[in-house]
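Have a look at the sequence and the model first, then read on.

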Amino acid sequence: MTRRRTSALVAAVILLAGTAALLAVWRPWDPVPDELRAAARQAAHLPGVVSAEVTDYEVVFRDAKDGDVALVTLEVELDGGLSPEAASAAASQADDAVAETQVDGVRTLSRTTTVHAGDPRTVHGVEVYPLTAWVTEDGDASSVADAVVLRRAGATTVSGVSAEAADGEGLVRLAEEAAEHKIAASLGTADDAVRYDASGRVPVVAAARLAVDAAGRPGVASVVVHAGFPEGTATADDSALTLQVGLDGPTSSPEADDVARWLDDPARDAGGRHLAYTLTEPGYAARVDGWVAAAPPPTPEEHTVPLPAGVGAWPDDDDAPACASDDLRLTLGTPDAAAGGRYLAVLAENVSERPCALDGVPRLTFRNADGEPQDDVTAEPAAPGVVPGRVVVPVGERALATVQWRAMSAANDPDVTTTVDVVAVPDGDPVPLTPTAELDVLDGAEVRVGPWAQGAEGWS
């Protein structure tokens with residue numbers, strides 16, 4: 001009896017062992033190919049790498065003939081004591097292990113490699129590492145080195161190009177380190193009282209220091225430094241910075257007056273730049289604008305729109321008549337966007353039988369889907385100092401006028417612009433044009449319209 005039981009027990013153990021071996025090989029619920037698991041194991045043994053794991057794999061396009069298209073995510077944890085250079089090298093080598101892997105039946109394997117370092121803490125049930133960075137699709141791991149530089153400079157948390165400091169002084173140290181290593185980092189304090197939104201630009205230490213000092217003034221709730229939009233343009237400029245000061249009371253309070261006087265003081269250091277500031281009260285009901293150290297930028301001299309380098313000017317013809325409405329075929333270029341700005345080109349093709357001249361700025365009316373004009377739209381010059389000039393448009397050529405505005409939210413005002421009426425010449429009739437995409441020019445928008453200028457291939 002005992003022998004039978006023993007034999008049965010042995011058989012059960014053998015059966016279970018065989019089943020476990022079968023399950024280890026089959027894994028129908030685990031889609032990660034064995035080739036990628038092997039690559040991750042290889043990466044985990046690289047110098048400076050603590051662990052490496054494929055955390056996600058998905059076939060996004062199946063093609064039995066030419067091979068599938070798949071996405072893979074690799075999570076890499078590095079030794080927290082590595083130097084910036086060593087961390088970058090380790091992350092790059094781990095990424096290479098996956099990039100160089102051939103998966104049977106897969107034609108294209110796109111990857112995301114996320115790099116962590118340091119001891120994680122649990123926030124709302126999720127592990128958060130002190131350092132997180134990414135290797136780009138082309139294998140560039142320089143952001144990993146940048147993240148280590150900021151972490152070593154005292155950042156409590158680094159995620160990509162964003163770093164958090166414990167306090168204002170820590171933020172200034174991060175700005176100094178980022179400036180020294182030319183790292184385009186966005187910075188902030190743990191209490192969110194000060195933020196430096198670099199928008200892809202290297203921080204200016206003097207501006208960071210000024211923001212921290214301003215945040216310590218009575219009546220100030222928060223300060224943000226961000227890339228500015230120089231007067232007359234919707235394009236962020238590396239040399240233009242704006243100090244946005246959020247008050248905890250109205251802009252008419254004595255504390256607000258004291259903050260404005262402090263910012264206006266010629267002793268304030270803006271790092272040799274013309275630094276604009278804005279004081280806003282809670283709810284943004286009112287604002288006060290000015291320039292740090294009471295030093296606005298000089299007013300530019302008047303000039304017409306310059307041509308791009310290498311583009312020859314159209315022939316000037318003193319006898320060319322002014323263009324009439326019938327001489328022109330009007331169209332709109334494709335809308336574009338960058339850094340919070342919106343861009344559109346109005347094009348005027350000369351369809352007459354002789355050259356004609358344009359001189360001035362087109363008049364625009366923005367209408368919603370019901371054909372109603374947007375209310376209180378303000379038209380401003382395209383840029384400081386830019387003035388209209390006479391442009392003789394050859395037959396078959398197109399003049400253009402630029403249109404710029406800041407992005408607007410359609411959450412509270414969904415009536416976006418679907419049609420633009422264009423009056424190209426004085427006393428001309430409006431021509432309704434439909435853009436290729438709806439425009440977020442809403443009630444109260446400020447739109448900057450440029451004068452007619454010579455069009456050039458690829459230039460809008």
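Two strands count as paired if DSSP finds at least two bridges between them. Helices (H or I, at least four residues) and strands (E, at least two) are DSSP runs, numbered from the N terminus. A word on the source: this is a predicted model, where local features need pLDDT of at least 70, side-chain atom pairs count only at pLDDT 80 or more, and totals for chains, interfaces and linings use all residues. Residues are numbered from 1 along each chain as its sequence is written, and side-chain values use heavy atoms, with hydrogens and water left out.

**The chain overall**

You're looking at 7 helices and 26 strands. Of the 460 residues, 43% are buried (under 20% relative accessible area; exposed is over 50%, partly exposed in between; 1.4 Å probe, protein chains only). The chain exposes about 24400 Å², with carbon and sulfur atoms supplying 51% of that; areas come from the Shrake-Rupley method with a 1.4 Å probe, and for residues only the protein chains shown count as cover. Take the contacts (heavy atoms within 4.5 Å) with a separation of 6 or more: 65% of them link residues 24 or more positions apart.

Strand E6 (residues 131-135) is largely enclosed by the rest of the structure, because 4 of its 5 residues are buried. Here are some strand pairings, including both of those described for E6:

| Strands | Sense | Bridges |
|---|---|---|
| E3 (residues 106-117) and E6 | antiparallel | 5 bridges |
| E6 and E7 (residues 157-159) | parallel | 2 bridges |
| E13 and E14 (residues 287-291) | antiparallel | 5 bridges |

Leu-131 in E6 turns up in two pairings: it is the bridge partner of Ala-117, and its own partner in E7 is Val-158.

What covers the buried residues of H6? Among the elements doing so are helices H5 (168-181) and H7 (254-264), plus strand E13 (275-280). The buried residues of H6 (residues 205-215) include Ala-206, Leu-210 and Val-212.

E13 also belongs to a hairpin with E14, with 6 residues between the strands, and there Gly-283 takes a positive phi near 85°. Tyr-277 stands opposite Gly-290 in E14.
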